[in-house]
Structure formats: structure tokens, C-alpha cells
Amino acid sequence: EEHYEHELRMVAMKVALLGGLVLLSLLCVARAQDDDDAMEEHYEHKLGHPTTLSQKPHLHPHYQPPHKGGTIDPSNFFVVILASVILAYCAFRAKSPPFVDMTGETAAQYEADAEAGEMKLSTTFAFVVVASISLLLIFYFMKAMEILVTILFSFLSTLALGNLVYPYVDYYTQYRFTRNIEVPALGPVPMLVLVLAPVCSLVTLIWLLTKWWLINNILAFSLIVFFLTSVRLSSLKIGASLLSMAFFYDIFWVFISGDIFGKNVMVTVATGLDVPIKMLIPLVYPHGPGASFTLIGLGDIVLPGLMVCFALRFDAYKEQEWKTGYFAAAMCGYSVGLLVCEIVVGCFHLAQPAMIYLVPGVLGSMSLMAHKRGELPDLWQGIEPTHSRLEDDDHLEAGEEAGYLSKPQVY
């Protein structure tokens, strides 16, 4: 029975990994939206957002194009602070869930389940394939796919919001709603899930009807936490492969796709798909009538965030202080890279893809520290798995039958 429950949990983690992969591909489409709209609407450049590295500006009725006077609004610096704080929170939450005693069997079981969501080298190539297929499907079937993507993001946002608040509500209600209730076709479901489901659905519905920027930010934050706690990296090798793939993915679909498909695929999708996955920050000094915002796309947080989360786990793996370890280096590299990008596009109005700064900022800072410490081979190979992977389930069963592997513990 224990092994059967373990198998069910592994299947669930497989589904979560697949969902995370699809979400990542869609986030990259969303992150590129801003780049391409900036090109068409403001600078007629083929890549990058002129001010905020975000998403489709015209989607929000109060978005204002950058003022060409060469000044930087204080909100641009707040973008860097906000993105850095979000990454730090996600890294610690992914390493240790809130209010959970991560000792003994609980920690071992959490690691066993979390390893099912680890990206492998082959997954980084699958990311490019899934992202490209998603882009082409939206390109050729825009009307139908727009409805499908809106439904998908609404559903994911509801799940992500519930995932975000569940441990806090559970803790501060003193676990009064933890008992399971039998639900037809679903089986036993915690009472708290049934309580939070309509509330989270209502929040998503309000956003769909109003597009209020504050609710938009709450849902966007929820999606970031959901992804970074569901999918993770295990080595610098895989992280470097993923970020490099994402960068060249952008280059191909922005610069080359027009020559192959007759139209710029990324621009067509960006201008036709209304999926506002972004963080909105009001400008301190708006330069026009009405409210205006600066923005940052979730892709520019999630993709480097995978490496930041890995850095914190690697510090724990090496039993070293995170304040002086790879996590601090990765956070500094990310913050400095994003800050430089904000300054360049704000002062010089040069269209810039964020990955030009974020990839070397994160990977370079971690690699430099590892080189100085003589740990670059260890960082490249990453964290050795302490539990079986999804693909090793057959070996697990054989090992249990042979008696040299114990059965997995169940929460």
C-alpha cells in the first residue's frame, strides 16, 4: 500500500513537471510580448523592451511608453528590489516549505518527491521543443488558442494562489481544517482545499473582469512561487543549458522566423495574444495623464530563479553559509544584471533583451566563485540525488525485492 501511494505521488509529480514545462514555455512567449510590442510601437527595433523588460504594453489601458528625455523613474529601481525579494522568498520556500519541520523522515520524503520535479539535460531540449510548438500553434490557430491559453492561465492562477496561501492559512487556523473529506470522483480531499478553492477562483474571476493591477501582481507572484517550488535544477550544467536554450530561442523566433514562416512569429503571437503575465509597478513620476506603470515579465524572474534556487540548495549540500555562498553570489549577479539593464534602457533607450544581462550575471557570478574555491567541477556536476528519480522506479522495485533498498516513507 505504501509503495502504491508512492507511485501515485510520483505520477502527480510527473504531471506537475509537465505542467511546469508548459507554463515555462508560455511565460517565455509572454516575456517576449513586451519585446516585440516595444519594437513595433516605439523604436522599430527587432528585440527587447525599451524600458521595463516586461510584457505587452498595450494590454494595459494605462501603460505609457518611455519618456525620451533620458531619465529613470524610481519605480525602475523598485522593479529590481521586487524581483530580487521574490526570488529570495521562492528559493527558501522551495528548499523548505513554510511551517514544516524538515528533519528526519519528513525531510527525506520531501527530497524524494521534489527530485521528481528536477529538470534533466534532455528536459532543457524538450523545453525548446514545447515552447516552439506552443508558439506555432498559437501562430496558426490564434483565435482558438487565445481562448485555450486564457482558460489555462486562469486555472493555473487559481491553483497557484491556493498553493501560495495554503500553508499559512493552515498554520494560522491551527490546523482546524486539515481533516479529509470524501469527495465523489476525487476521493479524500483536505477540508481547507474546499474552503480555499472558491475564494481563489473568485480572485481570478475578479482579475478577468477588472484586470486590476494589484490582483494581477498577486496572481503573477503566485505563479512564480508555484513554478519555482514545482520544478528545480540539480547542476550548473543543466542550468547553463536551460538559460542558453532560452536565449537562443528568443533570437530564433524574433530574428529568423520571419524568413521561414513569412511573418515574424513572435510579433504575431505577441500582438494577438492577451496573456498579461507580468508584475505591474506604478510609476512615481508619470509623464502623462492618468496612471502609468513599469513592468517586468515573469519569464525574467522564473528562468534565472531556477538557478538561484539551485544555488541555495547547493550551499546546503556543501554545508556552507548561504550568506557567503553561491546563493548570495547568484542573487548579486541577478540584481546587478537587472539593474544594469534598467539603467541602459532607461538612459540610452536601447532595446535590450534581459537575458543578455541576467544570464552572465547569474551564471558568471556562480562560476567565478566556484573557480576561486576550486569547486567548479562540483558545481558543474551539481547535487547528487539521494533518492530515486522518476525514471528509476523500475530499479527501485527491483531493489526492494532484492532487499537492498527500503520502501519509501509516506507522509
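In this predicted model, a search of the whole structure identifies three salt bridges. Glu118 takes part in a salt bridge with Arg232, in which the closest N and O atoms are 3.1 Å apart. This pair links distant parts of the chain, since Glu118 is located in the loop between helix H3 (104–114) and H4, and Arg232 in the loop between helix H7 (213–230) and helix H8 (236–261), 114 residues apart. Glu118 also forms a salt bridge with Arg313, with the closest N and O atoms 3.5 Å apart; here the loop between H3 and H4 is linked to helix H10, the two residues being 195 residues apart. Both Glu118 and Arg232 are buried, and Arg313 is likewise buried.

A further salt bridge joins Lys318 to Asp378, the closest N and O atoms being 3.0 Å apart. Lys318 lies in the loop between H10 and helix H11 (326–347) and Asp378 in helix H13 (residues 376–381), so this pair ties together parts that are 60 residues apart in sequence. Lys318 counts as partly exposed, at 29% relative accessibility, and Asp378 counts as partly exposed at 35%. Through shared partners, salt bridges join Glu118, Arg232 and Arg313 into one network.

The largest nonpolar core comprises 81 residues, and those with the most contacts inside it are Leu228, Ile301, Met307, Tyr334 and Met366. Helix H10 (residues 299–317) contributes the largest share of this core, eleven residues.

Ile133, placed in helix H4 (residues 121–140), is partly exposed, with a relative accessible area of 46%.

Definitions and conventions
Residues numbered from 1 in each chain as written. Predicted model: local features only at pLDDT ≥ 70, side-chain atom pairs only at ≥ 80, totals over all residues. Heavy atoms only, no water. Core = buried A, V, L, I, M, F, W, Y, C linked by side-chain atoms within 4.5 Å. Buried < 20%, exposed > 50% of the residue type's maximum accessible area, 1.4 Å probe, protein only. Helix = DSSP H or I, 4+ residues; strand = E, 2+ residues; numbered from the N terminus. Salt bridge = Lys/Arg side-chain N within 4 Å of Asp/Glu carboxyl O.
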